Amino acid sequence: MAGLRALLPLLCLALLLPARAAAEEEEEDGVLVLRANSFEQALAEHRYLLVEFYAPWCGHCKALAPEYAKAAAKLKAEGSEIRLAKVDATEESELAQQFGVRGYPTIKFFKNGDKAAPKEYTGEEGQDGVRTRANRVWMCRQGAEGSNVAPGPSTWPCAGAVLLCLDKVHCDNDLGTVLGRWGTGQPLMTFLWRDPCAGREADDIVSWLKKRTGPAAATLSDVAAAEALVDSSEVVVIGFFKDLTSEAAKEFLLAAEAVDDIPFGISSSADVFTKYQISKDGVILFKKFDEGQNNFEGDLTKDNLLNFIKSNSLPLVIEFTEQTAPKIFGGEIKTHILLFLPKSVSDYQGKLDNFKSAAGNFKGKILFIFIDSDHSDNQRILEFFGLKKEECPAVRLITLEEEMTKYKPESDELTADKIKEFCDKFLAGKIKPHLMSQDLPEDWDKQPVKVLVGKNFEEVAFDENKNVFVEFYAPWCGHCKQLAPIWDKLGEIYRDHENIVIAKMDATANEVEAVKIHSFPTLKFFPAGSGRNVIDYNGERTLEGFKKFLESGGQDGAAADDDLEDLETDEETELEEGDEDEQKLQKDEL
């Protein structure tokens with residue numbers, strides 16, 4: 001009994017140690033190390049918490065680590081409330097899943113312990129706060145969502161160029177054939193690559209955090225402060241409120257918190273009201289283009305203000321350049337009308353003025369963009385729309401939705417009235433999509449594999465008396481090149497068959513309404529009959545696999561309905577099997 005009493009203090013100490021250990025924060029280079037059992041505690045103890053979800057093997061995470069530690073040290077030295085933390089997402093998979101981590105590093109900012117909607121860290125410059133460069137492009141095909149990584153040439157600032165795909169795209173990884181090419185393949189429009197190093201330096205991190213922990217709108221106490229803010233940026237929003245604690249002022253501040261890339265100011269100064277000729281509470285958007293400023297009208301609510309800002313913060317007509325591309329394709333308006341206008345044309349300004357005159361009628365509905373068709377950087381955009389330089393000036397319209405669709409005016413006239421008429425008809429649903437087609441070769445049916453183009457696709461593929469097996473390919477696609485000899489042999493086998501046709505179509509130069517191609521090669525079977533049925537092939541890409549599929553009437557090797565999405569998004573990664581480094585790079589997303 002005496003021995004037991006002697007051990008009692010030790011037992012109590014043993015019971016207390018885990019509790020104390022749990023209470024102590026684990027740090028590494030001034031960065032909190034969080035785990036599932038300490039995450040909640042960190043949120044409760046720190047008003048502002050920036051958390052990096054990383055993977056130990058991730059190259060970008062390793063590059064970020066010293067800068068992240070420097071940022072943590074700088075904030076600590078300043079006595080800031082902001083703390084930096086990190087979570088090994090490969091170990092704490094439930095935490096990563098809870099916060100939607102799909103790539104590494106993913107960095108999220110938690111404010112006041114709110115787990116419902118942490119803000120994604122976005123860096124400092126350009127669309128989503130990163131330095132973006134347009135026209136450093138890859139040939140891509142639609143399919144996957146978000147950013148994909150491909151190994152970058154040594155000439156780029158950082159290895160591992162990241163594709164910021166502004167539409168849902170899946171990017172080809174064949175560097176030898178696609179680097180520097182605009183997406184001539186259906187159905188891609190545009191995307192940017194972003195430098196993984198950009199926005200990830202210590203000063204960038206600190207600056208970003210200070211913006212989000214300070215006031216959403218600067219308080220403008222006098223005219224000098226207001227003038228300085230208006231002069232500071234291309235677009236500025238100022239709220240004029242005699243009572244800064246009013247409900248309207250609170251709605252204004254909520255809107256300011258929701259917008260990262262436009263500076264906001266708020267003032268109750270009588271002198272500031274007088275300077276800008278304001279007699280009652282209101283909001284003005286100042287801009288260094290078009291009409292110079294827009295005065296908000298209507299009920300002053302957060303949502304109404306945000307809609308007002310989105311509608312007025314871009315020029316009526318915006319030129320497509322490397323600098324404007326992020327705003328154009330990252331905005332809310334997904335219907336774009338493009339004027340391909342060479343700056344060398346004699347009546348350049350007149351045509352641009354006509355375009356601008358029409359634009360005012362469609363503010364907030366259609367984004368008006370003009371492109372210098374003489375500029376070498378823009379030639380791939382012309383190719384995407386099936387245009388040649390000598391055909392410009394010309395107008396095309398595109399919708400950047402789930403499926404990108406192009407439209408062409410019936411008239412070549414570029415008057416304001418004709419452009420307005422075209423846009424009105426589009427919005428009313430009275431314009432049919434414009435589909436590209438190559439000319440039909442004279443010998444299209446002379447070889448074992450028949451050649452299809454947009455002009456003869458319907459007639460051949462939906463022939464009620466034929467079973468037609470079609471390969472939709474891209475000339476630059478590595479997998480398509482590997483498949484070509486097998487497809488040619490398949491054509492030889494069925495060359496004289498009474499009702500089986502083997503065919504192919506270049507889907508980068510031909511578009512058809514009946515099918516949408518999301519990856520290359522895509523194989524589709526069009527069985528005989530009047531039902532216009534289409535069966536996706538998802539079997540082995542071997543001669544025997546194709547023969548079994550055809551002899552079974554399109555059954556053996558057909559994709560199941562619930563496999564179609566996976567087929568489109570996952571099948572073609574353009575990474576050779578067994579190449580672990582490249583497969584790891586694809587996961588190593590920003």
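Colleague: Which hand does the crossing of H3 and H6 have?
Modeller: This is a predicted model, in which local features need pLDDT of at least 70, side-chain atom pairs count only at pLDDT 80 or more, and totals for chains, interfaces and linings use all residues. Residues are numbered from 1 along each chain as its sequence is written, and side-chain values use heavy atoms, with hydrogens and water left out. A crossing is left-handed if the near helix is turned anticlockwise from the far one by less than a right angle, and right-handed if clockwise. By that rule, the crossing of H3 and H6 is right-handed.

Colleague: How does H3 stand to H6?
Modeller: Axes are lines fitted to C-alpha atoms, for helices over the stretch in contact, and angles run from 0 to 180 degrees between N-to-C directions. Angles under 35 degrees count as roughly parallel, over 145 as roughly antiparallel, 65 to 115 as roughly perpendicular and the rest as oblique. Helix H3 (residues 59-77) and helix H6 (residues 202-213) pack at an angle of about 50 degrees, their axes being 8 Å apart. H3 is therefore, relative to H6, oblique.

Colleague: Which residues of H6 make the contact with H3?
Modeller: From H3, the contact (heavy atoms within 4.5 Å) is made by Leu-64, Glu-67, Tyr-68, Lys-70, Ala-71, Lys-74 and Leu-75. From H6, the residues are Ala-202, Asp-203, Ile-205, Val-206 and Leu-209.

Colleague: How many helices and strands does the chain have?
Modeller: Helices (H or I, at least four residues) and strands (E, at least two) are DSSP runs, numbered from the N terminus. On this basis, the chain has 19 helices and 27 strands.

Colleague: What is the bridge partner of Val-317 in E20?
Modeller: E18 pairs with strand E20 (residues 367-371) in the parallel sense, over three bridges. In E20, the residue that partners Val-317 is Phe-368.

Colleague: How do H12 and H14 stand to each other?
Modeller: H12 passes H14 in a right-handed crossing. Asn-354, Phe-355, Ser-357 and Ala-358 in H12 meet Ala-416, Ile-419 and Lys-420 in H14. H12 and helix H14 (residues 416-427) pack at about 40 degrees, with axes 8 Å apart. The two helices are therefore oblique.

Colleague: What is the bridge partner of Ile-398 in E22?
Modeller: Strand E21 (residues 394-400) and E22 run antiparallel and are joined by four bridges. In strand E22 (residues 404-407), Met-404 and Lys-406 point one way, Thr-405 and Tyr-407 the other way, and all are buried, where buried means under 20% relative accessible area, exposed over 50% and partly exposed in between (1.4 Å probe, protein chains only). The partner of Ile-398 is Lys-406.

Colleague: Which residue in E15 stands opposite Phe-240?
Modeller: Strand E15 (residues 264-267) is covered on both faces, with Phe-264 and Ile-266 buried on one side and Gly-265 and Ser-267 buried on the other. Strand E14 (residues 235-240) pairs with E15 in the parallel sense over four bridges. Opposite Phe-240 stands Ser-267.

Colleague: Is Asp-536 buried or exposed?
Modeller: Asp-536 lies in strand E27 (residues 535-536). Its side chain makes a polar contact of 2.6 Å with the side chain of Lys-524; such a contact is a pair of N or O atoms within 3.5 Å, where within protein one must be able to donate a hydrogen and the other to accept it, and residues adjacent in sequence count only if both atoms are side-chain atoms. Because its relative accessibility is 13%, Asp-536 counts as buried.

Colleague: What is the omega of the peptide bond that joins Tyr-104 and Pro-105?
Modeller: Pro-105 is in the loop between helix H4 (93-98) and strand E5 (106-111). The bond is cis, and its omega is about -10 degrees.

Key: Pairing = 2+ DSSP bridges.
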